[in-house]
Amino acid sequence: MARLVLMRGQTDLLHVSLKRGRTLIGRSDASDLVVPHSDVSRTHCVVDAKDSGWTVTDRSRHGTTLNGVAVGKKACPLSDGDLIGVADYLLRFSTQTDEAEATHSVTSRGVPAEKLVATDDGVCVQRVVLVVDDGSDAGRRVSLTRSRTSIGGKGSRVVLEDPTLVREHVNLDVVHGRPMLVPGKGTAVIDGEHVAYVTPVYFGEPVGIGATVFHLEEEVVVEQDERDSFGDMVGVDAASRQLFAVLRRMAAHTAPVLLVGESGTGKELAARGLHDNSLSAGGPFIAVNCGAIQESLFESELFGHEKGAFTGAVHRKDGAFHLADGGTLFLDELGELPESAQAKLLRALESGEVRRVGGFDVSYPRVRVVAATNLDLEKAVEAGTFRSDLYFRLAVLAMRLPPLRQRLDDLEIICQELCRKIGAGVRVMPDAIGQLRTHEFPGNVRELRNILTRAFVLHGPVITAPNISFNPWGLGRPGGRVEIPDEVRNPDSLDPLTRAELAVLIRLMTKHSGNRSAVSRDLGIARSTLHYKLKIHKLDDVEFE
């Protein structure tokens with residue numbers, strides 16, 4: 001029987017018997033082999049059994065490999081021992097039967113009993129364990145590694161010493177970690193009722209068969225994956241990994257999400273990652289820039305309009321809510337919405353009703369809303385410029401994206417990712433990374449991308465420290481940077497409040513070329529107070545140009 005062995009590194013995670021016909025591999029629960037990873041599509045690839053043999057076909061956004069070579073959208077033949085690459089995993093294809101290996105986790109119907117689960121600590125394999133509470137086998141634990149396991153007297157796959165049990169007394173079906181009790185040749189009791197039909201069994205729920213009582217538990221088998229990415233976002237800093245873990249949890253739900261962060265921190269990437277890791281990943285992702293919509297056109301853009309609804313409405317138009325039906329609606333720059341538009345958006349979110357401008361029919365598009373802003377909406381609510389009811393309606397799941405200066409350990413991996421997108425062979429040398437670490441990045445990852453692109457265009461694919469320019473209008477002094485004293489080059493050693501104050505001072509002093517009066521006005525503080533703060537941060541002798 002042909003099979004696939006799912007591996008991470010040199011570790012075998014799951015062994016899956018291949019059924020005749022089509023086997024779907026992906027992140028969706030509808031797949032025959034579920035792999036929960038941000039770079040795995042809902043249906044990533046398909047393994048087929050055809051008259052001419054076994055084949056694999058790529059169906060993903062991120063690509064599938066066969067023995068290290070990219071698989072196209074046409075079916076590629078499989079041979080014994082071939083390795084299929086799916087994200088960080090390998091699937092070893094085999095047509096040979098190895099009983100010693102098969103006992104690990106081969107299923108009888110091609111669907112794994114075990115499941116891979118994304119947790120805050122990584123990706124782990126979980127399986128169902130039968131625990132006997134009462135009877136002759138009290139205390140016994142049995143891992144259920146097959147999609148169907150018979151339980152009972154002699155001749156059953158799991159034999160219990162209870163003399164009142166018959167062969168195949170009951171069966172337990174486990175598919176992707178979900179247990180179901182299937183009546184067999186004997187009787188079973190759950191919650192005082194005899195089980196006559198296929199019935200789900202909840203973990204911890206007592207099940208009685210004969211004189212035996214057992215319950216089911218979940219057991220972690222293998223832990224893997226440090227998860228240094230989410231969608232197109234990458235990072236190894238502790239703050240980034242925590243962010244990715246929370247976003248993964250949010251992606252599994254349908255509640256609205258509010259992303260808050262400075263410009264360039266990756267709010268749209270996070271929104272796309274939430275969509276791609278959600279149950280609606282197969283649906284559309286529609287992005288709307290709220291700051292670019294005229295107030296008079298807001299209703300039309302979001303809710304659509306009927307022909308003749310206003311001057312220029314020469315045909316019926318779907319709004320963003322209609323276009324995003326079955327997927328995700330991303331409302332960027334949410335804080336820029338005028339108050340009248342806020343009221344209309346709130347009504348649509350609360351009622352679920354969408355009515356085109358000039359129309360009477362009401363529709364109910366199924367949309368998950370993800371909003372983003374670089375403003376402090378709590379302060380905007382206090383100031384009366386943003387509706388509190390809309391804020392609380394959207395901030396069901398809220399996440400603040402940290403600025404790049406607070407996660408400088410991510411610089412190297414982010415540079416690698418940006419260089420890959422800038423051009424072939426582009427790379428950043430260690431001395432350039434060291435120089436980048438001295439910068440505060442007020443523009444965050446977007447500014448970093450511009451710096452690397454500028455260096456590539458002006459100096460070539462190998463980027464060294466002298467090629468780094470933080471000034472887009474010219475190189476200025478060597479490196480184009482403000483000469484920050486050594487004592488303040490490593491802000492990670494400072495407490496968060498001091499680090500934030502230091503970053504603001506450097507940004508504003510650079511912005512105003514050292515004009516202290518202008519910086520004082522921007523900060524709303526006395527010039528003497530600014531002198532004091534510059535002195536305690538050892539910036540009073542720095543020349544800002």
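In the predicted model, L452 is buried, with a relative accessible area of 0%. This leucine is found in helix 11, and, when residues up to four places away in sequence are not counted, L452 touches C415, L418, C419, I422, V428, L436 and I463. L452 and S469 are separated by 17 residues in sequence, while their C-alpha atoms lie 8.8 Å apart in space.

The crossing of helix 9 and helix 11 is right-handed. On the side of helix 9, the contact is formed by L411, I414, C415, L418, C419 and I422, and on the side of helix 11 by V445, L448, R449, L452, T453 and F456. By residue class, this contact of helix 9 with helix 11 comprises ten nonpolar residues, one polar residue and one charged residue.

Helix 13 contributes R516, S517, V519, S520 and L523 to the contact, and helix 14 contributes R527, L530, H531 and L534. The residues of the contact of helix 13 with helix 14 divide into four nonpolar, three polar and two charged.

With regard to nonpolar cores, the largest contains 29 residues, of which L302, F321, L331, L334 and L345 touch the most other members. Elements giving two or more residues to this core include strand 26 (257-260), strand 28 (327-332) and strand 31 (367-373), together with helix 4 (298-303), helix 5 (320-323), helix 6 (339-351), helix 7 (377-383) and helix 8 (388-394). The most is given by helix 6, which supplies five residues to this core. For L345, the residues touched, not counting those up to four places away in sequence, are F298, L302, F303, F321, L331, L334, L337 and L390. Apart from this core lies another, of 24 residues, among them L4, L6, V47 and F93. In soluble globular proteins, nonpolar side chains tend to be buried together.

Burial is also found in a loop, as F470 shows: the place of this phenylalanine is in the loop between strand 34 (462-463) and helix 12 (496-511), and F470 is buried, with a relative accessible area of 12%. F470 and H439 are 31 residues apart in sequence, yet the distance between them in space is 8.2 Å, C-alpha to C-alpha.

Over the chain as a whole, the secondary structure comes to 14 helices and 34 strands. Of the 545 residues of the chain, 49% count as buried. Among contacts in the chain between residues at least 6 apart in sequence, 57% join residues at least 24 apart.

Notes: Residues are numbered from 1 along each chain as its sequence is written. This is a predicted model: local features need pLDDT of at least 70, side-chain atom pairs count only at pLDDT 80 or more; totals for chains, interfaces and linings use all residues. Side-chain values use heavy atoms; hydrogens and water are left out. A crossing is left-handed if the near helix is turned anticlockwise from the far one by less than a right angle, and right-handed if clockwise. Helices (H or I, at least four residues) and strands (E, at least two) are DSSP runs, numbered from the N terminus. Contact means heavy atoms within 4.5 Å. Ala, Val, Leu, Ile, Met, Phe, Trp, Tyr, Cys and Pro count as nonpolar, Asp, Glu, Lys and Arg as charged, and the others, Gly among them, as polar. A nonpolar core is a set of buried Ala, Val, Leu, Ile, Met, Phe, Trp, Tyr and Cys residues joined through side-chain atoms within 4.5 Å. Buried means under 20% relative accessible area, exposed over 50%, partly exposed in between (1.4 Å probe, protein chains only).
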